[in-house]
Amino acid sequence: MRRIPNPCWLLLAATLILTAWALWPGLKGGFLFDDASNLDPLSAYGPVDTLPALARYATSGAADPTGRPLAMLSFLVDGRHSPNNPYPFKRTNLALHLLNGLLLFAALAQIGRTSGLESRRACRTAVLATALWILHPLFVSTTMYIVQREAMLPATFTFAAIWAWLALRRRLLAGHDGAAWWMAFVVLSCTALATLSKANGVLLPSLLLVVECCLPTSKDDATRLRRVRRWLLWAPTLLVFAVILVSIPGSMAGADAHRPWTLWQRLLTESRVLFGYLGELWLPRPFSPGLFNDGLVASRDLLSPWTTLPSVIGVIVLAWVGWRLRTWAGPIAMAICFYLVGQSIESGPFPLELYFEHRNYLPAALMFWPLAVWLTASGGLAPVRTGLAIALPLLLAAETRINAKVWGDPTEQALLWGERNPDSPRAQAYAAQYELRMGHAERAESRLRLSLQSNPTDLQLLVNLAGTRCALGSLAPADLAAVEAAFEHDPDPTRLGFKWLERTLPMAKAGTCKGLGMTQADALAHAFARNPRTSVLPGRRSDAEQMLGEIALTEGRFDDARIAFDDSFNAEHRLDMVLVQSAILASAHQPEMAMAHLRLASAKPATPWYQWRSMIDVNGWIMYRQGFWQQQIDDLRGKIAQDVEERHDGQR
């Protein structure tokens with residue numbers, strides 16, 4: 001990088017400053033959706049101020065089998081002292097985005113020089129391609145949605161690996177045999193760091209292989225590179241895709257249990273989704289669909305909807321074109337293949353949500369490299385190319401600034417997303433929540449009822465309508481019956497139903513909502529428990545029994561409450577839930593039941609190391625070895641015993 005001309009550094013600095021200016025308004029925004037579940041561990045187990053506490057926190061992630069511990073540790077930088085303030089988290093995301101721009105520039109400059117571009121042109125091309133990526137309005141959501149730091153960190157290590165690999169590659173071809181060992185270190189270390197940030201970081205060797213295959217290489221150089229390519233790139237790539245193939249049967253079972261579509265239908269749908277992404281990338285707009293894409297209709301077969309078959313053919317053609325062009329149109333081939341390989345996990349055979357903008361962050365990194373190569377070429381149309389090279393980044397910056405302002409205003413954001421996603425029940429429910437907060441309950445009800453005309457059984461719309469009706473004074477029996485039916489037949493039960501019931505229970509107990517009492521709350525909880533999907537999902541079964549237990553306790557049916565709490569723990573062995581349930585029983589003046597329930601927790605050992613399947617198991621083992629839960633159990637047992645003794649003293 002020290003050979004880069006000074007004007008290039010000035011252009012790069014201007015690009016980074018322009019990016020910071022464009023994204024700055026978004027720093028005023030708040031937390032969103034998955035932020036809460038991913039940032040809760042910052043305060044869940046007490047202050048992270050010792051090594052044991054750090055080990056508990058770093059392994060507390062539940063996303064991916066890896067738990068994303070490196071991303072978790074990065075949140076600790078911002079949230080140790082202010083976990084409830086979103087600004088530091090967003091500020092760090094912005095800084096990371098700028099760092100990624102710097103690393104992408106370094107990687108692209110290496111690619112340009114390795115491809116044979118003259119040094120100054122390679123520099124200009126790298127700056128322009130970086131500007132087109134870092135300023136793209138589609139990535140506002142990745143940068144300003146705090147939890148998507150998990151999507152940004154794999155890009156950090158991938159860009160660093162590309163830059164280091166190509167620098168070491170030059171040394172290897174110059175006769176420095178020791179460079180091969182450093183190349184191995186780069187691949188192994190960066191892949192490990194990327195994977196510990198998010199599971200798709202495991203694709204790093206595959207993405208490096210794409211870059212290698214699309215670079216012009218003489219026969220002599222290919223011979224020297226053969227061994228490092230074979231063992232450092234091809235071997236891990238084949239291993240990763242072999243694991244993906246082996247995982248398909250389990251993924252199919254997961255899709256059947258959790259999703260309203262099959263794995264085959266997901267793969268068909270993702271072909272359409274990829275072309276939707278490409279449309280957003282090449283025809284950028286200041287306002288993207290945002291985080292709500294549940295209005296997307298899944299493909300049922302190759303002809304339903306009709307765009308499925310052309311999209312499947314299109315993806316196959318793109319892959320074939322990318323492979324065929326690698327020997328004589330390297331930049332185009334590199335952009336196509338890098339994008340498809342980068343999407344192969346999150347848009348592949350795993351039962352994830354169908355569409356998310358942040359999935360383009362890393363795969364699209366080389367997307368604009370061919371355009372930059374063409375715009376910086378000499379010859380005909382030079383004034384036009386120069387004009388486009390200046391205008392395009394400025395246009396993207398303006399669109400990004402507009403989008404970032406929306407991300408900085410949660411109310412405007414919610415209402416805009418509702419307008420932009422009329423077919424998304426989630427977007428309409430989210431917008432209605434903000435209308436209710438602003439005191440426009442009638443407007444919120446109108447929005448929800450309009451959306452229910454197209455989605456009459458959607459649970460999120462129905463529970464928000466119920467809440468809105470309570471805010472207006474009463475809940476109609478028909479609306480309550482619709483919620484009950486949705487609880488019983490929801491094809492994709494999440495914690496939404498449990499959380500709503502949990503918030504509604506005090507209202508039902510106090511009778512503050514006409515038409516919603518304890519009898520109705522009990523009927524809703526039983527409907528949730530009867531859902532066939534609830535019975536096969538341990539977490540949902542545990543939630544259902546937890547809610548039945550709380551209702552029974554409120555109604556004075558203590559034996560039923562104890563049985564329900566026991567069943568809740570047996571469905572999903574969560575020691576934190578046992579502590580909460582035991583405390584609830586104790587506060588209801590049932591210390592004997594609380595003690596008996598607490599004994600369930602102390603009887604359960606940690607998962608042995610040879611049965612670990614995910615970071616959750618590692619965390620459980622660490623908590624067990626540290627005696628963390630046993631200490632919590634002993635403390636609660638002591639408090640209950642003290643409370644019983646004080647009560648007896650008072651009676652005497």
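Predicted model: local features only at pLDDT ≥ 70, side-chain atom pairs only at ≥ 80, totals over all residues.
**Ground rules.** I took local features only at pLDDT of at least 70 and side-chain atom pairs only at pLDDT 80 or more, while totals for chains, interfaces and linings use all residues. I numbered residues from 1 along each chain as its sequence is written, and side-chain values use heavy atoms, with hydrogens and water left out.

**Entry: aromatic pairs.** I looked up the ring pairs and found 21 in the structure. Rings of Phe, Tyr and Trp (its six-membered ring) pair if their centres lie within 6.5 Å; planes under 30 degrees apart count as stacked, over 60 as edge-to-face and the rest as tilted. I noted the pair F292 and W417: the ring centres are 5.5 Å apart and the planes stand at 75°, so this pair is edge-to-face. The two residues are 125 residues apart, with F292 in the loop between α13 (263–282) and α14 (308–324) and W417 in helix α18 (residues 410–420). Helices here are DSSP runs (H or I, at least four residues), numbered from the N terminus. F292 and W417 are both buried, where buried means under 20% relative accessible area, exposed over 50%, and partly exposed in between (1.4 Å probe, protein chains only). I also listed the one aromatic cluster that F292 and W417 form with F33, W407, Y430 and Y434.

**Entry: charges over rings.** Y434 came up again, with the charged end of R437 over its ring, 4.5 Å from the centre. The charged end of R326 sits over the ring of W323, 3.6 Å from the centre. My criterion was NZ of Lys or CZ of Arg within 6 Å of the ring centre and within 35 degrees of the ring normal.

**Entry: helix α15.** Helix α15 (residues 330–342) has 13 residues and reaches 17 Å from its first C-alpha to its last, close to the 18 Å expected at 1.5 Å a residue. The expected span is 1.5 Å times one less than the number of residues. I found 11 of the 13 residues of α15 buried, so the helix is largely enclosed by the rest of the structure. Among the buried residues are M334, C337, F338 and Y339. The buried residues of α15 pack against α6 (86–114), α9 (149–173), α11 (204–213), α13, α14 and α16 (369–375).

**Entry: helix α27.** The buried residues of α27 include F565, D566 and F569.

**Entry: N38.** N38 is found in helix α2 (residues 34–39) and is buried, with a relative accessible area of 15%. I traced its side chain to the backbone oxygen of D34, at 2.8 Å. Leaving aside neighbours within four places in sequence, N38 is in contact (heavy atoms within 4.5 Å) with M72, V147 and E150.

**Entry: backbone angles.** Most residues other than glycine have a negative phi, and most peptide bonds are trans. I noted a cis peptide bond between S304 and P305, with omega about -5°; P305 lies in the loop between α13 and α14. D64, not a glycine, has a positive phi of about 65°. It lies in the loop between α4 (51–58) and α5 (69–79), and D64 is partly exposed at 23% relative accessibility. H589 also has a positive phi, near 65°. The place of H589 is in the loop between α28 (575–587) and α29 (591–602), and at 54% relative accessibility H589 counts as exposed.

Note on methods. Polar contact = N/O pair within 3.5 Å; in protein donor to acceptor, adjacent residues only side chain to side chain.
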